[in-house]
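Thanks for coming. I will go through one structure today, starting with the sheet and ending with the aromatic rings.

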Amino acid sequence: MRLYKLKGFARFQRRERILDKALVKAVRTAESGLVDADLGGGLIKQRVARQGQGKSGGFRTIVAYRRGTRAVFLFGFAKKRAAEPR
């Protein structure tokens, strides 16, 4: 299984201080069949826990996912900021 990150996602990850091992854990969870949302066309939404906390208040990621082959992290957002107006 290969993991990739788009440049924008890597910036988000760095800004929010998300560790690579948290992303690996999210992909392993998807590999075991526990996908938070299947968006169709090979896209999934997967939750990533905040460091020292749980997944429910953590981050949401959109991943282009092909089981056993690759996962490309496309977009991420913090749950607390998703509903805020811009």
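This is a predicted model: local features need pLDDT of at least 70, side-chain atom pairs count only at pLDDT 80 or more; totals for chains, interfaces and linings use all residues.

Residues are numbered from 1 along each chain as its sequence is written, and side-chain values use heavy atoms, leaving out hydrogens and water.

In what order do the five strands of the open sheet lie? The order is β1-β5-β4-β3-β2, with mixed pairing. Strands here are DSSP runs of E, at least two residues, and helices are runs of H or I, at least four, numbered from the N terminus; two strands pair if DSSP finds at least two bridges between them. At the edges are β1 (2–5) and β2 (37–40), each pairing on one side only.

Strands β4 (residues 59–66) and β5 (residues 70–78) run antiparallel and are joined by eight bridges.

Helix α2 (residues 20–31) lies across β1, β3 (43–48), β4 and β5.

Now the rings. The whole structure has four aromatic pairs; rings of Phe, Tyr and Trp (its six-membered ring) pair if their centres lie within 6.5 Å, and planes under 30 degrees apart count as stacked, over 60 as edge-to-face and the rest as tilted. F75 and F77 form a tilted pair, 5.9 Å centre to centre with 40 degrees between the planes. One aromatic cluster is formed by F9, F12, F59 and F73.

Notes:
Contact means heavy atoms within 4.5 Å. Axes are lines fitted to C-alpha atoms, for helices over the stretch in contact, and angles run from 0 to 180 degrees between N-to-C directions.
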